[in-house]
Amino acid sequence: MKYLLTLYAAPGSEPAPGTREFDGMMGEYFSLSERMKNTATCLAGEGLQGVETATTLRRRAGRVETMDGPFAETREHLGGFYLIEAADLDAALRFAAEIPAARYGSVEIRPVMYY
Amino acid sequence: MSPQALLARVLQQDRGRLLAALVARGEDFQRAEDALQAAAALVHWGRAGLPASPTGWLLRAALRKAIDSYRRDGAAARHRLAMEVLAQDEAAGPDRHTIPDDRLRLIFICCHPALEEKTRVALTLRSLCGLTSPQVAAVFLDAEPTMGQRLSRARAKIAAARIPFVIPGPEDLPARLNSVLTTA
């Protein structure tokens, strides 16, 4: 079953680029899907650029409205995602626990809809 | 003892065992719950006399209801394995003593950390301790529909997120056991 894992962290909560902690964290991210391959299959995963680069679009009554910024102002910002294939929620949770963002922020785990 | 009183007593004592047996075969908590309710509604023991094993009778009736519910769903291909297992059991004619005890797995699923603490307690009381939904509502001083919704949502989440019906493996067991003990 597919799960989408969305990673949230408050700005400044993660190690700053250039530090040794940052390099350690990135190493964990790069090796994650290989390390966890017996727990879940990583189908996709990306880090996102900051919310200051975001644009939000809505279409109402045929008119396209764009807004500068994320769709909602939240304390923790969406920073990345993983799309994984796992046998059940427990496997998805074990994968999520290894994501560095779980230590500095939050990881939401949601099953993907099937039609 | 009237058939209705006997039914109430069987459900109170054996609900956990019956539910666990149904969930084990179908992996769908909500469907198991619905099947058991539907089977209980069928009870007409007064006319035909009391069955030798009321629990076995209920399980067979519930298995049939579960099979029907899978068939009605149209997504039968996805559920084929579950339907086969159910059909085998229904044909075998289980009695009380041959119903394996899956209640331990049921406890772990009811106390899963993905469920809110109040929900864990409510679901355990309902599924394993023989309380009716109104009785569980009374324990929490909640209105019955509110508690009913809480329990429904929990079962729906268990199915949708695929919370597994298993005894946790060694790496998960300490934390999961802690959840069960604090709930209890």
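On a 1 Å grid over the protein atoms alone, a pocket is an open set of points with protein on both sides within 12 Å along at least five of seven lines, and its lining residues have an atom within 4 Å of a point. The model is predicted: local features need pLDDT of at least 70, side-chain atom pairs count only at pLDDT 80 or more, and totals for chains, interfaces and linings use all residues. Residues are numbered from 1 along each chain as its sequence is written, chains are lettered from A and ligands numbered from 1 in the order in which they are written, and side-chain values use heavy atoms, with hydrogens and water left out.

**View 1. Overall layout of chain A.** Chain A has three helices and six strands (DSSP runs numbered from the N terminus: helices are H or I with at least four residues, strands are E with at least two). Along the sequence these elements follow the pattern β-α-β-β-β-β-α-α-β. The C-alpha trace of chain A spans about 50 × 45 × 20 Å along its principal axes.

**View 2. Lining of the largest pocket.** The largest pocket is lined by 34 residues, and those nearest its centre are Glu14(A), Gly47(A), Leu48(A), Gly79(A) and Gly80(A). Two or more lining residues come from each of strand 1 (2-9), helix 1 (20-35), strand 2 (41-47) and strand 5 (77-85) of chain A. Helix 1 of chain A contributes the most, with seven residues. By class, the lining has 21 nonpolar, 10 polar and three charged residues (Ala, Val, Leu, Ile, Met, Phe, Trp, Tyr, Cys and Pro count as nonpolar, Asp, Glu, Lys and Arg as charged, and the others, Gly among them, as polar). The volume of the largest pocket is about 790 Å³, taken as the space filled by probe spheres set on grid points that are joined across faces, edges and corners.

**View 3. Helix 6 against helix 7 in chain B.** The axes of helix 6 (residues 103-110) and helix 7 (residues 117-128) of chain B come within 9 Å and cross at roughly 155°. Axes are lines fitted to C-alpha atoms, for helices over the stretch in contact, and angles run from 0 to 180 degrees between N-to-C directions. Helix 6 of chain B is therefore roughly antiparallel to helix 7 of chain B (under 35 degrees is roughly parallel, over 145 roughly antiparallel, 65 to 115 roughly perpendicular, the rest oblique). Contact, meaning heavy atoms within 4.5 Å, involves Arg103(B), Leu106(B), Ile107(B) and Cys110(B) of helix 6 and Arg120(B), Leu123(B), Thr124(B), Ser127(B) and Leu128(B) of helix 7. These divide into five nonpolar, two polar and two charged residues.

**View 4. Helix 1 against helix 4 in chain B.** Helix 1 (residues 3-26) and helix 4 (residues 54-73) of chain B pack at an angle of about 45°, with their axes 9 Å apart. Helix 1 of chain B is therefore oblique to helix 4 of chain B. Residues in this contact include Leu6(B), Leu18(B) and Arg25(B) of helix 1 and Pro54(B), Leu58(B) and Tyr70(B) of helix 4. The contact has 13 nonpolar, two polar and two charged residues.

**View 5. Helix 1 against helix 6 in chain B.** Here the axes of helix 1 and helix 6 of chain B are 8 Å apart, at an angle of about 85°. Helix 1 of chain B is therefore roughly perpendicular to helix 6 of chain B.

How values were computed. On a 1 Å grid over the protein atoms alone, a cavity is a set of points where a 1.4 Å probe fits but cannot get out, and a pocket is an open set with protein on both sides within 12 Å along at least five of seven lines; lining residues have an atom within 4 Å of a point.
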